[in-house]
Amino acid sequence: MNEKLLSLRDEIKSKLNQTTDLIDLDKIRVAYLGKKGSITSLLKGMKELSAEERKSFGAEVNQLKTQAAQLIEEKIAELKEIEIEKEIASMPQFDITSPPNLERGSYHPITLVQRECENIFTSMGFTIEDYPEIVTDYECFEALNIPKHHPARDMQDTYYLDNGQLLKSHTSAAQNAILKKYGKKLIDNGTPIKAIFPGRCFRNEATDACHENTFFQMEGVMVDKDISISNLIYFMKTMLSEVFRKDIKVRLRPGFFPFVEPGFELDISCLICGGDGCPSCKHSGWLELCPCGMIHPNVLREGGIDPEKYTGFAFGLGLTRLAMMKYGIKDIRDLNSGNLKALSQFTDDE
Ligand code: PHE
């Protein structure tokens, strides 16, 4: 490279070394490589040279041009990196040792009772199952011995989707799947089916202090050889006295559900009015808490289990109602209100 070009390259290098910002850098780029830049005009001035000189000088100028462009690119990258570092340094620093400035959240009362019931039942050997909120007519009704046009469907009118599926009106909708899931272990190894499945349920309801269109239940099933109503009563009593931490009054009334035979309503005395009668208990002094019964042979059969060999119980605990009883909540509508002031009073650190 000839002297002139070499000194031009040194000049570019030293200017780049002194540059500390991208705007200046762009000025340098224009000064050398722009349309009127010194390297560009060198190329333009080659017209005056002889063909021989033009060839070698042209190659050298082009080499300088490439080198200059590369030096500028490198400088751009370097300056950009510095800018990013500066930006990071100027950002507020997160101090891991500073105390958090967050208000403490709280669990919804239904979550609290659900977890409590789950703990009690898992301690008695039950597994916890999850199940979708959108189910088929088969799961919610047909598999539960409730054929189409059965009057029992009136009590469980719910929300239907265009594709024929529906929002489950009770957690019993999972019974068939649970029987099928654990039936093989029962038949092959004699492992009893013991499962609870909490979930949100939906019904077309006229709402009042004790009815809501959205509520929570917790279903439980146990299937084995020789399961009887005594087993059912034992598990329900154990669970309820744990939840309320005292002996509470219960009563069993006959109740009809097509998927149990015999079927019962398990009531507990209203803890809000102590049994005198109030709007929450429809002035009866009792609250329907847990419909239950012995699983109907048709339901067992539909779940792949021989009703001649095995029996079982099922219950559908009203978690929403249980939460109302436990925490003295008078109106069911408060639970879905989203009123954090009201809902945050309940804690799990009793
Ligand atoms: N699924 C019934 C309901 O929601 C309750 C129930 C569950 C009854 C299990 C008997 C056995 O009305």
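Modeller: A polar contact here is a pair of N or O atoms within 3.5 Å. The model is a predicted one. With that cut-off, Gln-217 has a polar side-chain atom 2.9 Å from an oxygen atom of the ligand. For His-170, a polar side-chain atom lies 2.8 Å from a nitrogen atom of the ligand. Gln-156 also has a polar side-chain atom facing a ligand oxygen atom, at 3.5 Å. On its own, the ligand has 330 Å² of accessible area, and the protein covers 96% of this.

The ligand sits in the largest pocket. Of the elements, β9 gives the most, with 3 residues. In total, 14 residues are around the ligand, and those that come nearest are His-170, Ser-172, Arg-203, Gln-217 and Gly-316. Sorted by class, the shell holds 7 nonpolar, 5 polar and 2 charged residues.

Now to the fold. The open sheet is formed by 7 strands with mixed pairing, in the order β1-β4-β5-β9-β8-β7-β6. At its edges stand β1 (127-128) and β6 (250-254); each has a single partner strand, so one side of each is left without a neighbour in the sheet. Strands of a sheet pair through backbone hydrogen bonds, either parallel or antiparallel. The pairing of β8 with β9 is antiparallel and runs over 3 bridges. Cys-292 has Phe-315, in β9, as its bridge partner.

Most residues other than glycine have a negative phi, and most peptide bonds are trans. The bond that joins Glu-261 and Pro-262 is a cis peptide bond, with omega about 0 degrees. His-149 is not a glycine, yet has a positive phi, near 70 degrees. His-149 belongs to the loop between α6 (137-140) and β3 (166-167).

Terms used:
Residues are numbered from 1 along each chain as its sequence is written. This is a predicted model: local features need pLDDT of at least 70, side-chain atom pairs count only at pLDDT 80 or more; totals for chains, interfaces and linings use all residues. Side-chain values use heavy atoms; hydrogens and water are left out. A residue is near a molecule or strand if one of its heavy atoms lies within 4 Å of it. A polar contact is a pair of N or O atoms within 3.5 Å; within protein, one must be able to donate a hydrogen and the other to accept it, and residues adjacent in sequence count only if both atoms are side-chain atoms. Accessible areas come from the Shrake-Rupley method with a 1.4 Å probe; for residues, only the protein chains shown count as cover. On a 1 Å grid over the protein atoms alone, a cavity is a set of points where a 1.4 Å probe fits but cannot get out, and a pocket is an open set with protein on both sides within 12 Å along at least five of seven lines; lining residues have an atom within 4 Å of a point. A molecule sits in a cavity or pocket if more than half of its atoms lie within 2 Å of its grid points. Helices (H or I, at least four residues) and strands (E, at least two) are DSSP runs, numbered from the N terminus. Ala, Val, Leu, Ile, Met, Phe, Trp, Tyr, Cys and Pro count as nonpolar, Asp, Glu, Lys and Arg as charged, and the others, Gly among them, as polar. Two strands pair if DSSP finds at least two bridges between them.
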